[in-house]
Amino acid sequence: MTFTTRVTRVVEENPKVRTIHFRHEKAGEARPGQFVMVWIPGVDEVPMSLSKAGRECAVTVGAIGDATSAMAGMKKGDVIGIRGPYGRPYSMTHRRILFVGGGTGIASIATAVEAHRKKRRSCTVALGARTKELIFFANRFKRAGAKVRITTDDGSMGEKRFVTDTVEEELRRGAFDAVYTCGPEKMMARVVDIANAARVEVEASLERHMRCGFGICGACTLDDGGERVCQEGPMFTGKELRKITEFGKYHRDASGRKVA
Ligand SMILES: Cc1cc2nc3c(=O)[nH]c(=O)nc-3n(C[C@H](O)[C@H](O)[C@H](O)COP(=O)(O)OP(=O)(O)OC[C@H]3O[C@@H](n4cnc5c(N)ncnc54)[C@H](O)[C@@H]3O)c2cc1C
Ligand code: FES
């Protein structure tokens, strides 16, 4: 059921990304990696990872289309509807984790990094984006006590390289039990390959078009096994991803058509 609430504050993370805070009892109980369906009155309803849970919750949005642009323009006091939390969270059983976040996928790893650091577990966060405008939460991760490495395609922030080069470098040092990743799917597919080759466990959070968000409409079903991203995911393990034939290759648009 959707419960409406009001935006309590909006934080500009950078020129393109906003964090929208609100209060919501159920969403506050979310585990790291879970998502909510956010209804923007008069526009649409879209899935969003919770970038904060607890007494105050938040989603962090990058404007790309109608719904995300409307969200990015929201102000304190605006009404939104929230359903959830939904989905399978990160497993959180590992002790030394390399987190890899790309683009707005950075939002999905935020609560996982902080929960691990609260338990004094070792966390390295590799953040990658096309340009510096798309990097956010770097200081938040540093404050939590994580080691942070930033890469941008154009070199406008951090190292000028692909984030996957950093992943290869870190895994060569061999000090990790697992890699948790969320970001563009081609990036994640490469991260999963690197982790599999290094024999390190890996968990990736997938994005697909969603309608119901809890497993009945079939909009987010994956080839070939029929896993539903909203129900069996969004987190999938490296072993599971080997059987998902569309992973890293294509997804479906709102009408169900394949898009590379
Ligand atoms: C579990 C989950 C968590 C998410 N968390 C976040 C988040 O924390 N922050 C954030 O900014 N975005 C997040 N997203 C993505 C977000 O839901 C979509 O970007 C949003 O639905 C786009 O809506 P729109 O109306 O702005 O754009 P549209 O006009 O609907 O789409 C713009 C473009 O993005 C593509 N697209 C739209 N939705 C998806 C999708 N779900 N998967 C793949 N491609 C898509 C479209 O095909 C189109 O090319 C998440 C998605 C999922 C499934
Ligand atoms: S969104 Fe309906 S089954 Fe996943």
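The shell around ligand 1 divides into 9 nonpolar, 8 polar and 3 charged residues. Keep in mind that this is a predicted model. In total, 20 residues surround the ligand, and the closest are P47, T60, A67, T68 and R208.

Three of these residues make backbone contacts that I want to go through. A polar backbone atom of T60 sits 2.8 Å from a nitrogen atom of ligand 1. For R208, a backbone N or O atom is 2.8 Å from a nitrogen atom of the ligand. For A67, a backbone N or O atom is 2.9 Å from an oxygen atom of the ligand. Ligand 1 taken alone exposes 880 Å², and the protein buries 78% of that. Strand 4 (44–52), strand 5 (57–62) and helix 1 (66–72) each give two or more residues to the shell. Strand 4 gives the most, with 4 residues.

Now the aromatic rings. The count comes to 6 aromatic pairs. What is the arrangement of Y90 and Y180? Their ring centres are 5.2 Å apart and their planes are at 5°, so the pair is stacked. Y90 lies in the loop between strand 6 (79–86) and strand 7 (96–102), and Y180 lies in strand 11 (residues 178–182), so the pair ties together parts that are 90 residues apart in sequence. Both Y90 and Y180 are buried.

F136 and F137 form an edge-to-face pair, 4.8 Å centre to centre, with 80° between the planes. F136 counts as buried because its relative accessibility is 2%, under the 20% cut-off. F137, at 7%, also counts as buried. R140 lies over the face of F137, 4.5 Å from the ring centre.

Lastly, F35, Y86 and F214 form one aromatic cluster.

Conventions
Residues are numbered from 1 along each chain as its sequence is written. Chains are lettered from A and ligands numbered from 1 in the order in which they are written. This is a predicted model: local features need pLDDT of at least 70, side-chain atom pairs count only at pLDDT 80 or more; totals for chains, interfaces and linings use all residues. Side-chain values use heavy atoms; hydrogens and water are left out. A residue is near a molecule or strand if one of its heavy atoms lies within 4 Å of it. A polar contact is a pair of N or O atoms within 3.5 Å; within protein, one must be able to donate a hydrogen and the other to accept it, and residues adjacent in sequence count only if both atoms are side-chain atoms. Accessible areas come from the Shrake-Rupley method with a 1.4 Å probe; for residues, only the protein chains shown count as cover. Ala, Val, Leu, Ile, Met, Phe, Trp, Tyr, Cys and Pro count as nonpolar, Asp, Glu, Lys and Arg as charged, and the others, Gly among them, as polar. Rings of Phe, Tyr and Trp (its six-membered ring) pair if their centres lie within 6.5 Å; planes under 30 degrees apart count as stacked, over 60 as edge-to-face and the rest as tilted. Buried means under 20% relative accessible area, exposed over 50%, partly exposed in between (1.4 Å probe, protein chains only). A charge sits over a ring if NZ of Lys or CZ of Arg is within 6 Å of the ring centre and within 35 degrees of the ring normal.
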